[in-house]
Amino acid sequence: MTSTPKISIPPSAEAVAPGETGEAPQARSAADSRILIESSDVSLFYGPSQALKRISIDIRERLVTAFIGPSGCGKSTFLRCFNRMNDLIDHVRVQGRIQIGGHDIYSGDVDVIELRKRVGMVFQKSNPFPKSIFENIAYGLRLHGMRNGPELQGVVEQSLRGAALWDEVKDRLHSSALGLSGGQQQRLCIARAIAIRPQILLMDEPASALDPIATAKIEELILELKKEFTIVIVTHNMQQAARISDLTAFFYLGELIEYDVTTKIFTNPGKKQTEDYVTGRFG
Amino acid sequence: MTSGTTHPLENADPWAGIRRGQQRRPVEWLVERAIHAISLSAIVGVFLIFIFVAREALPIVLGRATSASATQVIPLEGLDTRSPAEIQKYLGLTPEQFAALDRDAKVDLMNLKLETAKGASKDRDAAVNTLEWRYLLLPYQWSGYDKPEMIWQPVSSIHKYNIIPLLIGTLKATIVALLFAVPLSLAAAIYVSQLSSPRLKEWLKPGIELLAGIPSVVLGFFGLLIMASFLQEVFGYESRLNAFVAGIALGFAIIPVTFSIAEDALTSVPGSYVHGALALGSTRWQAAWRIVLPAAIPGVFAAVVLGFGRAVGETMVVLMASGNASIVSASLFDSTRTITATIAAELAETVFGEHHYRMLFLLGALLFGVTFLSNLVAESFIHRLKKQLEGKA
C-alpha cells in the first residue's frame, strides 16, 4: 500500500480573501490556528481486520473539527484514538503516530490517566453517573485532587454555567442526574467533561439521540465552548457539521478521503466521493 | 413493478380476517395457567410450611402448654369424686381419648402421675412451668445455682428452655461468617466484574460459584477436622470448636451466594458509566469503587442479606464445627450452639406433641420469622435505593 499524502489545510483556505461573505472568518482562523493534534499514518486493527488505514490529519487549536462519513467508516474509532479509549477493547492494535501538543500519546511513558484528563470526551448516549447533579461534576474534580469546599462548589457552578445548564438545575443540584431530560443529561456530561479543564473535547455524535431543540442547544453550546477548547466532533448530521464546524474531514471505509475548510467540503469538495456523500447520493 | 409470482402471505383482500375476533389459543392458555399455578403454589407452599411450624408451637405462644412435673396431685380416689372433665384435664387427654379408656387404664395413668409427682417434687423448680415467656427469655435462679442464669437444658428433670443462649450462638456464628465472607466475596466480585481480564473471568466466576456445590456436611467436616486444628494453632484459644471456627466454615458456605449475586449486580451496571469515568481520567479501580459499586449498591446489599439468610439458616456446618455448647458468652472462642443445630440435634429425641417438641418448633418459627423479616426489610430498602438511583425519589 502506498503512503497516503498528508492532508493539511490546503492553500485554498489561506487564499480566501477577507471580507468575502461569511466564510472568511472561518477560513482565516483555520489558517492562523496552531496545530494541536498531529496524526501521521495511523492504522488501527481489530484483530486481523483493519479499521483505519494510514490516516494523517492535523487538528487545529480552538476550532471545531467535524468527522463525517457513513456508518462504520472508522470516524468514531479514530476519535477514540485521541484519548486512547480504544485501549479498553481487546485485540486492538494501533500503528502510526499521534502527537498531541508535541507528545506522542502512544509512547510507552505516557500516563493514560493524565492524557484523558487533558483530552475529555462526550459520548453518543448521555451517561451521567447515577449520582446527584452536583456529584456528577464533583467526581472528576475530586479525582484530580480537589477537596470539598467553596472552591469545589465554585468550579461546579462555573462548569454548569459553561454548559448552559446552571439556570435549569441550580435549585436541584442534589437530586439525581438521571431525573434530567435527555438534552440536559448530555449537557451535564459536557459540564462534567469541561469541569476538569481539558485541552481538547472529543464529542462522539453528542446530539444524535436528542430532539431538534435539545440538539440546537448543544450546537449553540459547542460554538460557545470553542472559544476555550479544541473540539473534535463526530457527527452523522451533515447540516450539523456545516453549522458548527470550521474544518471537516470525510472518512470512508477506514480512509480519510478529504479534509478541508467546512465551507469548501460542503460547497466545492475536491473529491467525487465527498461530493456524493454531502449531497446525499450515498451514505 | 409487479412480478408474476405471488407472495405466500399475500391475499386478494389484504384486510381479510382482521375482524374475525380474538382467536382461541388453548395450548398457550393452558401453559400460561400451569405456570401461573406453579408460581402461586410456591408462595402457598411457603405459607403452609410456616402455618405448620407455627401451629406446633402455638400452645407455647398461647401459654397453654406446661412443663411443670410437679402439679397438684389428685389422689386415686379422685377418679370417683372429681368430675370426668377435671380428671381428663389432669391426665392431659383429649375428651375422645378419655372416653376411649376403660377404668383400669385410667387408674394406671393416675398411678403413673402419682409416681412421677413423687420423683419430681423434691426440686422446688419442679412446679415451675418453664415454658412461660419469662423463663424463655429472662435469667432465672434455678435451684442449685447461685445466681440467675439463662440456660437451655431441655433434657433434665427441670426442663430449662431459655432461648437466649441459642440466639447468641446463632448471632455469633452469623456475624463471624458475614465479617469473613462479605468483604472477601465483594472484593472478589469487584475484581471479577470490573478489573480482571475476560479470560481470567471465565475461570474465576465458575470457580468461585463451584464452592456452592460443596455439600455443607463436607464443609462442616472440613471445619471440624482441619480448620479447627489449624485455627487453634494460629490463635491459640482453648476450646477447639467454637463460634469462630463455625463462623469461618459458615463463611465458606455463603461466599458463593454473596459473590454470585454481587457480581451479577456489578456486571449489570452499564458499561457507559465506566467509560464515562475512564474518560474523565479515572483508573479502573477508581471507576469500580466510586462509580460502579455505588450504582450497584442495591444488588450488593441484596447479596449480603441473602448471605445473612443462608448463614442464619445453615445447619450442618454449625452443628459440626461449633462445639454445640449452649453457653452465654460474648467470646467468639467459646463453644457455642445455634438455633438450627439445636433443632437438628434434638428433634429426633423428642416425644411427639410434648413440650420439648413444641419448643423446637417455636425455635423453627422464630428462625423463619427472622429471615423473613430481614428479607422484607432488605427488599424495601433495596426498592428505595433503586428509586433513588433512578432519580425517581
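Me: In the largest nonpolar core of this predicted model, which residues touch the most other members?

Reply: The model is predicted, and its largest nonpolar core holds 137 residues. Members come from both chain A and chain B. The residues that touch the most other members are A:Phe82, A:Leu201, B:Leu250, B:Val292, B:Val317 and B:Ala321.

Me: Which helix gives the most to this core?

Reply: The helix in question belongs to chain B and spans residues 243–267. It gives 17 residues to the core. This is helix H10 of chain B.

Me: Leaving aside neighbours within four places in sequence, with which residues is B:Leu250 in contact?

Reply: B:Leu250 is one of the core residues that touch the most other members. Its contacts, with neighbours within four places left aside, include B:Val317, itself another of those core residues.

Me: Which element gives the most to the side of chain B that touches chain A?

Reply: The contact takes 19 residues from chain B and 25 residues from chain A. On the side of chain B, the elements that give two or more residues are helix H11 (271–279), helix H12 (284–295) and helix H16 (355–389). With six residues, the one that gives the most is H11(B).

Me: Which strands are the edge strands of the open sheet in chain A?

Reply: The sheet has four strands in the order S2-S1-S4-S5, with antiparallel pairing. Strand S1 (residues 35–46) pairs with S2(A) over eight bridges, and A:Glu38 stands opposite A:Asp58 in S2(A). An edge strand pairs on one side only, and in chain A these are strand S2 (49–60) and strand S5 (103–104).

Me: Why does B:Ile327 count as partly exposed?

Reply: B:Ile327 lies in the loop between helix H14 (316–321) and helix H15 (339–346) of chain B. A residue is buried if 20 or more other C-beta atoms lie within 10 Å of its own, and exposed if 12 or fewer do. B:Ile327 has 19 such neighbours, so the class is partly exposed.

Me: Which element of chain B has the highest mean pLDDT?

Reply: The mean pLDDT of chain B is 87, and 95% of its residues reach 70 or more. Among its elements, helix H2 (residues 78–81) has the lowest mean, 76. The highest, 95, belongs to helix H7 (residues 164–195) of chain B.

Technical notes: Residues are numbered from 1 along each chain as its sequence is written. Chains are lettered from A and ligands numbered from 1 in the order in which they are written. This is a predicted model: local features need pLDDT of at least 70, side-chain atom pairs count only at pLDDT 80 or more; totals for chains, interfaces and linings use all residues. Two residues are in contact if their C-beta atoms, placed from the backbone, lie within 7 Å. Two strands pair if DSSP finds at least two bridges between them. A nonpolar core is a set of buried Ala, Val, Leu, Ile, Met, Phe, Trp, Tyr and Cys residues joined through C-beta atoms within 7 Å. pLDDT is the predictor's confidence in each residue, from 0 to 100.
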